[in-house]
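This report describes selected features of a protein model. Please examine the structure shown below before reading on.

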Amino acid sequence: MQSESKIDPKIIEEVLKFSKNVIDAPKLVSAPDEISLEVTPHDTVFELDKTRLLHYRSLTEKQHKTPLLISYALINRYHILDIQPEKSWVRNLLQQGFDIYMLDWGTPTSMDKYLDFDDYVNGYLDSAVEYIKNESSNEKISLQGYCTGATISTAYTALHPESVKNYIATAPVIDGWRDTTVISNLAKHMDVDKMVETIGNMPPEFMYYCFSVLKPFEQGIEKYVKFFKNIDNKKFVDNFLRVEKWLGDTPPIPGELFKQWIKDIYQDNLLIQNKMHIGGEHIDLKKIDMPTFTQIAVGDHLVSPECSMPLHYAIGSEDKTLRMYPTGHVGMIASSLSQKKVLPELGKWLAERS
Amino acid sequence: MDSSKTTMDYYKHLSLFWTDLIHLMSSKPQALTSTGPMRAFAANSKKVTTELIEINEDLMGFNQYLTEYYKQLANAWEVAQKKVNLKAPVVPQDVEQIEAFKRIWIDIFDNDFTELFDSKEFGENYGKLVSKELELTKHWNNIANVVLQSVNLPSKEEIDEVYKELHSLKKRVGKIELELKKREAKKNAK
């Protein structure tokens with residue numbers, strides 16, 4: 001009896017409140033399926049196979065002359081760059097007067113298992129760049145790559161420097177041997193030949209497993225506890241569900257592309273050693289000689305700073321800038337820090353060169 | 001391990017012997033069923049039997065790596081829990097203490113498990129585990145191919161051939177189209 005009386009009544013109160021929140025949750029918030037991740041108005045202006053080129057509608061009267069094309073990553077979808085108005089990377093750049101295009105890689109099917117780096121770099125990305133050049137009457141455009149999208153855009157920029165006026169690499173996957181993340185450890189021990197031969201495209205479920213081993217207790221338990229604790233906080237809940245929906249929607253990665261990515265980047269580390277070939281063409285990072293801005297997140301647990309940073313030192317540009325931010329992989333592109341610090345710095349740098 | 005391998009080999013041999021023999025003995029009267037799904041019944045049964053026997057062999061390997069996988073997780077859990085006990089030996093009594101305890105628990109567990117997932121031992125075992133899982137998938141695919149071919153449908157390899165050919169053609173056409181567009185743009189610019 002005595003031990004029962006020692007329980008702090010606040011604990012019982014907290015437990016009851018938490019249980020009530022869990023029960024009330026379906027009444028208070030939308031199901032992730034009911035949430036649309038399309039935020040800033042845009043038009044699909046060009047399509048090739050399953051890829052789409054999105055053109056965002058301008059938010060300013062005057063715009064900088066050089067358009068910016070964003071090459072999003074191969075994992076998850078482009079929506080994180082426009083996840084909600086107050087944290088939208090795209091909207092912020094539109095408000096700064098930039099003309100923004102986004103390349104949506106689409107959803108590959110079994111039929112696309114033979115798509116490789118060459119298709120993505122010299123096919124889809126090059127076609128999108130050519131389209132924008134023609135539409136905007138520019139001989140060169142600005143290009144930004146994020147995460148694995150930056151691996152593709154780095155290769156593109158090295159192969160087609162004549163089309164890129166400014167290059168922005170945001171958390172690029174470049175030096176696989178220096179990468180200290182769990183992802184790189186799994187990638188280094190993967191029998192990727194057997195994997196692609198047996199199952200074709202890399203299934204989303206495999207990606208979800210890889211994500212689940214990153215901070216498993218914070219991300220797997222505490223995150224959801226916080227969600228239910230804050231169920232009355234509309235802003236928090238809305239942001240949480242949007243990011244969760246984005247996290248739970250990753251397309252398969254074409255088998256051949258995945259194979260080349262794991263082997264050339266993580267296992268043999270060819271890109272940073274200037275030994276990588278795409279479609280028979282040699283990738284020489286020294287050919288990246290235009291103004292280049294590299295953005296790195298110090299707390300990135302998906303692409304470690306050691307993996308991204310070597311790009312800054314390997315390229316041939318004389319006008320190059322390296323910025324490091326005290327945030328994580330997603331925090332760098334979709335947070336209040338990105339709105340207050342990362343985007344204003346990028347906008348200033350880009351405006352001076354656009 | 002050795003005796004189970006010998007037993008496995010014995011049953012494998014026994015099964016193959018009888019399916020081969022039945023196949024040879026029944027090859028002539030097969031004419032009656034030569035166009036139906038049963039037309040290659042003996043040969044198909046042999047393929048399926050072989051795959052099933054090999055699935056058993058791979059399943060043993062898979063279980064070995066799976067056991068190691070959970071052993072690694074269990075060990076990491078045990079070590080992390082000991083660290084938590086050392087850092088927070090007193091049972092939390094109020095909301096603030098519970099919150100502090102939870103933070104210590106999550107930080108230690110996340111650190112220790114990240115260390116495990118980042119280790120060579122984990123990476124190697126996980127790679128082997130996935131590899132064995134793929135072997136199992138391969139056998140399953142092979143069995144499915146036998147069924148597909150018995151009903152006159154293309155096998156996975158045949159479909160892959162078509163995809164490969166299609167990909168190569170699309171690539172060639174795409175490059176020609178892009179080249180033409182670039183030339184046209186240059187011409188217009190002049």
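B:Asp112 is buried, because its relative accessible area is 11%, under the cut-off of 20%. This description, like all that follow, concerns a predicted model. The side chain of B:Asp112 meets that of B:Lys83 in a salt bridge, with a distance of 3.0 Å from N to O. The two partners belong to distant parts of the chain: B:Lys83 is in helix H2 (residues 41-87) of chain B and B:Asp112 in helix H3 of chain B, 29 residues apart.

Over all chains, the structure holds 39 salt bridges. One of them is formed by the side chains of B:Arg103 and A:Glu218, at 2.5 Å from N to O. B:Arg103 lies in helix H3 (residues 95-117) of chain B and A:Glu218 in helix H9 (residues 216-229) of chain A, so this pair joins two chains. B:Arg103 is partly exposed at 31% relative accessibility, whereas A:Glu218 is buried at 17%.

Helix H3 of chain B also contains both B:Glu99 and B:Lys102, which are 3 residues apart, about one turn of the helix. These two residues form a salt bridge whose closest N and O atoms are 3.1 Å apart. B:Glu99 counts as partly exposed, with a relative accessibility of 36%. Elsewhere, A:Asp116, A:Asp118, A:Asp119, B:Lys171 and B:Lys175 are joined into one network by salt bridges that share partners.

## Surface patches

B:Glu157, B:Glu158, B:Glu161 and B:Glu165 form a negative surface patch. Within this group, B:Glu158 is located in helix H5 (residues 156-189) of chain B and is partly exposed, with a relative accessible area of 40%.

A nonpolar surface patch of about 630 Å² is made by B:Tyr10, B:Tyr11, B:Leu14, B:Phe17, B:Trp18 and B:Ile22. Of these residues, B:Ile22 lies in helix H1 (residues 2-25) of chain B. Its relative accessibility of 46% places B:Ile22 among the partly exposed residues.

## A hairpin in chain A

In chain A, strand E1 (residues 42-48) and strand E2 (residues 51-56) run antiparallel and are joined by 6 bridges. A:His42 stands opposite A:Tyr56 in E2(A). The two strands form a hairpin with 2 residues between them, and A:Asp49 in the turn has a positive phi of about 50 degrees.

## Positive phi values in loops

A:Ser137 is not a glycine, yet its phi is positive, at about 55 degrees. This residue is found in the loop between helix H4 (117-136) and strand E5 (141-146) of chain A. At 63% relative accessibility, A:Ser137 counts as exposed.

B:Asn152, likewise a residue other than glycine, has a positive phi near 60 degrees. Its place is in the loop between helix H4 (120-150) and H5 of chain B. B:Asn152 is exposed, with a relative accessibility of 58%.

## A buried serine

Is A:Ser338 buried or exposed? A:Ser338 is buried, because its relative accessible area is 0%, under the cut-off of 20%. The residue belongs to helix H14 (residues 336-351) of chain A. A:Ser338 and A:Ser88 are 250 residues apart along the chain, while 9.1 Å separates their C-alpha atoms.

Key:
Residues numbered from 1 in each chain as written. Chains lettered and ligands numbered in written order. Predicted model: local features only at pLDDT ≥ 70, side-chain atom pairs only at ≥ 80, totals over all residues. Heavy atoms only, no water. Patch = residues over 30% accessible without salt bridge, like charges linked within 9 Å, V, L, I, M, F, W, Y side chains within 5 Å. Areas by Shrake-Rupley, 256 points an atom, 1.4 Å probe, with all protein chains shown as cover. Salt bridge = Lys/Arg side-chain N within 4 Å of Asp/Glu carboxyl O. Lys, Arg positive; Asp, Glu negative; His and termini not counted. Charge placed at Lys NZ, Arg CZ, Asp CG, Glu CD. Helix = DSSP H or I, 4+ residues; strand = E, 2+ residues; numbered from the N terminus. Buried < 20%, exposed > 50% of the residue type's maximum accessible area, 1.4 Å probe, protein only. Pairing = 2+ DSSP bridges.
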